[in-house]
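Subject: Structure handover

Hello,

Here is the structure we spoke about.

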Amino acid sequence: MYLPENMQISEQGILKISGVSCVDLAKKYATPLLVLDEVQIRDNINKFNEAFIKSGCETFFIAYASKAFLNSEMCKIIDDEEIGLEVVSGGELYIALRNNFPSKKIYFNGNNKLGEEIEMAIKNDVSTIVVDNEEELYKINKISKKYGKKTRILLRIIPKINPNTHKYLSTGQIDSKFGIHSEDLLKVTKNIKGLDNLELNGIHSHIGSQISEPMYYLNLVETFFDSLITLKERENVVLNEIDIGGGFGISHSSNEKSIDIFETINKVVSCVKTLTKKFEYPMPKISIEPGRSIISTAGTTLYTVGSIKKSANKKYIIVDGGMTDNIRPCLYDAKYQVYVANKMKEVENFEKVTIAGRACESGDILIEETSLPRLSVDDLLAIPFTGDYTYSMSSNYNGFLRPAIVLVNEGKHKLITRREVYEDLVTKDITNNIWQTF
Ligand SMILES: Cc1ncc(COP(=O)(O)O)c(C=O)c1O
């Protein structure tokens with residue numbers, strides 16, 4: 001059985017994460033429970049830092065994509081590791097600012113930023129706004145003027161790259177809803193020259209997620225240089241930064257391939273160096289926005305088996321969570337592996353089962369088919385690599401409560417997000433009989 005490096009099996013056959021027993025965690029905090037391993041998060045961040053340093057790149061910037069997962073403790077870890085944060089909404093920006101995350105390390109992305117969100121970003125001096133479309137330029141310029149500020153921007157372009165990933169995870173293809181067509185870049189750059197409160201610093205693209213080959217990032221860098229050289233030759237504009245986005249693929253199960261971070265960053269940096277030499281272009285800062293590759297492997301979700309059921313040709317193991325705490329199998333057919341956290345030493349009586357959630361949807365299946373030792377009600381299941389896009393996409397569908405999140409670190413544990421309570425389901429509701437008319 002493949003076991004991630006941060007997990008251990010006790011003599012009694014209990015799964016441990018960073019030295020903490022999953023059975024004890026489930027007893028103390030109940031299930032479903034998202035367990036995050038702090039050491040793993042920090043290791044994942046360090047891998048990117050080291051990769052840049054080893055590649056000989058002198059100016060780089062890593063902004064963790066908070067959409068993968070963000071809460072107050074995560075802000076503190078990201079800040080402590082001295083990297084940046086990429087946000088896409090006033091909500092994510094609020095969480096960051098509320099936790100005193102340095103605004104000068106925040107990049108603000110999004111394909112339809114609301115006026116009030118842009119205002120919040122500019123008022124709070126975020127480092128950079130990534131412009132998605134031409135209309136946004138005028139909005140950002142106007143708001144910057146109102147506050148007497150000059151806002152640093154990157155232009156997000158559509159590089160027309162199809163990175164061979166799930167269609168819902170592909171964002172740089174020709175018909176993408178994100179970014180500016182590269183043909184329009186010249187016109188947009190000309191327009192920026194007339195906007196006094198904008199400072200065009202560079203170009204950006206996020207080609208998609210679960211990218212498993214460095215080649216796609218190299219294609220992106222080449223596309224970027226086509227644009228950089230055109231802007232230099234035609235508009236005499238020289239830019240300081242290229243942002244290749246996130247998307248570094250990670251393996252959630254044995255049939256997915258993780259990208260090699262060291263190889264990818266090294267290849268990206270040497271490709272940039274080669275092109276700068278070839279075109280006599282100054283070396284730009286290289287920015288990245290990894291999300292899943294920082295948080296995914298740090299997360300494990302614990303579930304308790306609630307019922308076991310045989311249908312015509314399936315055996316269902318139904319757990320106390322599902323699509324409301326992990327929508328990824330429904331949304332993009334994501335595949336996971338699973339452990340029986342209280343029976344890790346079982347070697348006999350394996351059978352094929354389907355792990356199903358408890359939502360009122362036939363599609364609420366966490367794992368379509370897997371082989372597990374014979375299970376009983378109250379057994380504890382652990383699905384690893386569930387740190388990314390699980391809690392951040394969770395919902396209250398069926399009135400289910402969002403799980404608690406606990407942080408573990410070499411034998412210690414602490415609650416970092418409490419489990420929702422029923423009262424949370426009605427706190428936003430208003431019940432009175434005061435009708436209004438226009
Ligand atoms: C603009 C942008 N940057 C970064 C990311 C992070 O991607 P990942 O979590 O796959 O690294 C995303 C994901 O959708 C994105 O849209």
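In helix α2, Lys 47, Phe 48, Ala 51, Phe 52, Lys 54 and Ser 55 meet Ile 261, Phe 262, Ile 265, Asn 266 and Val 269 of helix α9. Two residues are in contact if their C-beta atoms, placed from the backbone, lie within 7 Å. By class, this contact of α2 with α9 has seven nonpolar, two polar and two charged residues. Here Ala, Val, Leu, Ile, Met, Phe, Trp, Tyr, Cys and Pro count as nonpolar, Asp, Glu, Lys and Arg as charged, and the others, Gly among them, as polar.

This is a predicted model, in which local features need pLDDT of at least 70 and side-chain atom pairs count only at pLDDT 80 or more, while totals for chains, interfaces and linings use all residues. Residues are numbered from 1 along each chain as its sequence is written.

Helix α2 covers residues 38-55 and α9 residues 261-279; they pack at an angle of about 40°, with their axes 9 Å apart. That makes α2 oblique to α9 (under 35 degrees counts as roughly parallel, over 145 as roughly antiparallel, 65 to 115 as roughly perpendicular, and the rest as oblique). Axes are lines fitted to C-alpha atoms, for helices over the stretch in contact, and angles run from 0 to 180 degrees between N-to-C directions. Helices (H or I, at least four residues) and strands (E, at least two) are DSSP runs, numbered from the N terminus. The crossing of α2 and α9 is right-handed, meaning that the near helix is turned clockwise from the far one by less than a right angle.

Phi of Glu 280 is near 50°, a positive value in a residue other than glycine. Another loop, between α1 (22-29) and β4 (33-37), holds Pro 32. The peptide bond from Thr 31 to Pro 32 is cis, with omega near -5°.

Gly 115, Ile 118, Glu 119 and Ile 122 of α5 touch Lys 139, Ile 140, Ile 143 and Ser 144 of α6.

The domain assignment, automatic or from a database, gives domain 1 (7-37 + 296-425) and domain 2 (109-290). Their centres, taken over C-alpha atoms, are 36 Å apart. Nine residues of domain 1 are in contact with nine of domain 2.

Around the ligand there are 17 residues, of which Ala 65, His 206, Ser 209, Gly 246 and Gly 291 come nearest (near means a C-beta atom, placed from the backbone, within 6 Å). This shell divides into four nonpolar, nine polar and four charged residues.

Regards
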